[in-house]
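Here is a short report on one protein chain. Look at the aromatic rings first, then at the fold around them.

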Amino acid sequence: MVWFDSTAILRAEYEPETATLQLWFRESGGPYDYRNVPADIFDGLCDASSKGRYYNEHIRDRYEVIPPAPAR
């Protein structure tokens with residue numbers, strides 16, 4: 001798990017076997033599971049100076065996303 005000093009994204013996890021990227025957002029929580037994400041996209045997010053900008057340009061609306069289950 002990687003923690004970010006970002007105003008948009010709190011943390012991320014990547015599972016290479018399933019190519020699943022999990023993201024936790026500061027505002028909306030998480031985890032949000034993004035499917036079929038290449039490892040280099042995760043690496044790019046980790047290296048980006050602006051996590052939110054990278055997310056908007058390289059992840060958002062490009063991969064299938066499964067939102068977190070509603071709280072019970």
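F25, Y32, Y34 and Y55 are linked into a cluster by ring pairs. The model is a predicted one. In total, the structure holds four aromatic pairs.

**Two ring pairs**

Take Y14 and F42. Their ring centres lie 5.3 Å apart and their planes meet at 10°, so this pair is stacked. The cut-off for stacking is under 30 degrees. The pair links distant parts of the chain. Y14 is in strand β2 (residues 9–15), F42 is in helix α1 (residues 39–47), and 28 residues separate the two. Are these two residues buried or exposed? Y14 has 18% relative accessibility, so it counts as buried. F42 has 12%, so it counts as buried too. Buried means under 20% here.

| Pair | Centre to centre | Angle between planes | Type |
|---|---|---|---|
| Y14 and F42 | 5.3 Å | 10° | stacked |

One more ring deserves a look. The charged end of R11 sits over the ring of W24, 3.9 Å from the ring's centre.

**The sheet**

Which order do the strands take in the sheet? The sheet is open, has five strands and runs β1-β2-β3-β4-β5, with antiparallel pairing. Its edge strands are β1 (2–3) and β5 (65–66), and each of these pairs on one side only. Strands of a sheet pair through backbone hydrogen bonds.

Look at β2 and β3 in detail. Strand β3 covers residues 20–25 and pairs with β2 in the antiparallel sense over six bridges. Y14 has L21 in β3 as its bridge partner. Helix α1 packs on the sheet and touches β1, β2 and β3. The direction of α1 makes about 155° with that of β2.

**The whole chain**

The protein chain has two helices and five strands. Along the sequence, the pattern is β-β-β-β-α-α-β. The chain's radius of gyration is 11 Å, close to the 11 Å that the globule rule gives for 72 residues, so the chain is as compact as a globular protein of that length. Its C-alpha trace spans about 35 × 30 × 25 Å along the principal axes.

How much of the chain is buried? Of its 72 residues, 39% count as buried. Finally, consider contacts between residues at least 6 apart in sequence: 35% of them join residues at least 24 apart.

How values were computed
Residues are numbered from 1 along each chain as its sequence is written. This is a predicted model: local features need pLDDT of at least 70, side-chain atom pairs count only at pLDDT 80 or more; totals for chains, interfaces and linings use all residues. Side-chain values use heavy atoms; hydrogens and water are left out. Rings of Phe, Tyr and Trp (its six-membered ring) pair if their centres lie within 6.5 Å; planes under 30 degrees apart count as stacked, over 60 as edge-to-face and the rest as tilted. Helices (H or I, at least four residues) and strands (E, at least two) are DSSP runs, numbered from the N terminus. Buried means under 20% relative accessible area, exposed over 50%, partly exposed in between (1.4 Å probe, protein chains only). A charge sits over a ring if NZ of Lys or CZ of Arg is within 6 Å of the ring centre and within 35 degrees of the ring normal. Two strands pair if DSSP finds at least two bridges between them. Contact means heavy atoms within 4.5 Å. Axes are lines fitted to C-alpha atoms, for helices over the stretch in contact, and angles run from 0 to 180 degrees between N-to-C directions. The radius of gyration is taken over C-alpha atoms; the globule rule is 2.2 Å times the number of residues to the power 0.38.
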